[in-house]
Amino acid sequence: MHNHSPQDLHQFCQCAEQRDVIFYYVGYFSQPIIAAMAEAVKTRVEQTGAAASVRRKLFSSFVEMAQNIVHYSADHSPQTEVRDGDMRHGSVSIALRNGHYHLHCGNPVQMHAAEELRIKLEHLRALTMDEIKQEYKEALRAETPTSSKGAGLGLLTMARDASAPLEFRLAPMDEATMMFCLKAMI
C-alpha cells in the first residue's frame, strides 16, 4: 500500500480541476460499482448544466465504456473467477472542455481482442453519421454473436452519440496483452 500525504491528494485534486475533470475512476469495475458511478456521473453532469439530450448521450456512452471494461478487460481481480459478474480493472474519466464532454476509458485487452477492436473502430471512423445510424439499426435487428456480449452495439452507440469520430489507441503491454484507450467527445 502506498503512503500518500494530504499534500499528494491536494495536488491531484488541483491537477484534475485545472484539466476540467468532472469524474475520474481507476480500479476494479463490477455491475454494482458501475451503478454507483452512474449515479455520481448523473449528478455531476446535471451540476454542469448540460442539456437533457447531451446528458442522455453522455450517460449512455459512459455506461457503455464501463460495461466494456467489465466484459473485456484482461485484468480481473484475483479474488474472483473469470466469469460474467467478476471484477475487471480499468479507468474512466470525464472532462468538460470548450463546451464538450471528453470521455476516456482504458483497460488491458488480450491481443486477439485488440485486433478485433482496431478493425471495428477503424471501420466506424470511416463511416458518415448516417451510415453509423444505419449500422446501429441493423445491429439491433441482428442476432448477437455467441462471442459478443451485445452485438457490437456499445461501440455503435458511442459513435452515434459522439460529436466527433471516436479516437482510440492500442499499445503493447506484454506479448499477450495490449492497453486499449478510447475517447468519445459529446
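This is a predicted model: local features need pLDDT of at least 70, side-chain atom pairs count only at pLDDT 80 or more; totals for chains, interfaces and linings use all residues.
Residues are numbered from 1 along each chain as its sequence is written. Local features need pLDDT of at least 70 and side-chain atom pairs count only at pLDDT 80 or more, while totals for chains, interfaces and linings use all residues, and side-chain values use heavy atoms, with hydrogens and water left out.

Q: How do you know that the length of helix α2 agrees with its number of residues?
A: The expected span of a helix is 1.5 Å times one less than its number of residues. Helix α2 (residues 31–47) has 17 residues and should span 24 Å; its end C-alpha atoms are 24 Å apart, so the two agree.

Q: Why is A40 called partly exposed?
A: Buried means under 20% relative accessible area, exposed over 50%, and partly exposed in between (1.4 Å probe, protein chains only). A40 has 33% relative accessibility, so it counts as partly exposed. This residue is in helix α2. Its C-alpha lies 8.3 Å from that of F23, and A40 and F23 are 17 residues apart in sequence.

Q: Which residues of α2 are buried, and what makes them line one face of the helix?
A: The buried residues of α2 are I34, M37, A38, V41 and V45. Seen down the axis of α2, they fall within an arc of 115 degrees, so they line one face of the helix. The arc is that of the directions from the helix axis to the C-beta atoms. An α-helix has 3.6 residues a turn, so residues three or four places apart point the same way. On the other side of α2, P32 and Q47 are exposed.

Q: What do the buried residues of α2 pack against?
A: They pack against β1 (21–29), α3, β2 (88–97) and β3. Contact here means heavy atoms within 4.5 Å. Just after α2, G49 takes a positive phi of about 80 degrees.

Q: What makes helix α6 mostly covered?
A: In α6 (residues 153–161), seven of the nine residues are buried. They are G154, L155, L156, T157, M158, A159 and D161. These residues pack against α3, α4 (111–126), α5 (129–141) and β5.

Q: How do you know that strands β3 and β5 pair, and which way do they run?
A: Two strands pair if DSSP finds at least two bridges between them. Nine bridges join β3 (residues 100–110) to β5 (residues 177–185), so the pair meets the rule, and the strands run antiparallel. In this pair C105 stands opposite L182, and the bridge partner of L103 is A184.

Q: Why is β3 called largely enclosed?
A: Eight of the 11 residues of β3 are buried, so the strand is largely enclosed by the rest of the structure.

Q: Why is N98 called exposed, and where is this residue?
A: N98 has a relative accessible area of 77%, and the cut-off for exposed is over 50%, so it is exposed. N98 is in the loop between β2 and β3. Its phi is positive, about 50 degrees, although N98 is not a glycine. The hairpin of β2 and β3 has two residues between the strands.

Q: What makes a set of residues a nonpolar core, and which members of the largest one touch the most others?
A: A nonpolar core is a set of buried Ala, Val, Leu, Ile, Met, Phe, Trp, Tyr and Cys residues joined through side-chain atoms within 4.5 Å. The largest has 42 residues, of which F62, I94, Y101, L124, L166 and L182 touch the most other members. Helix α3 (residues 52–72) gives the most to this core, with six residues. Leaving out residues up to four places away in sequence, Y101 touches residues including I22, V45, L58, I94 and M185.

Definitions and conventions:
Helices (H or I, at least four residues) and strands (E, at least two) are DSSP runs, numbered from the N terminus.
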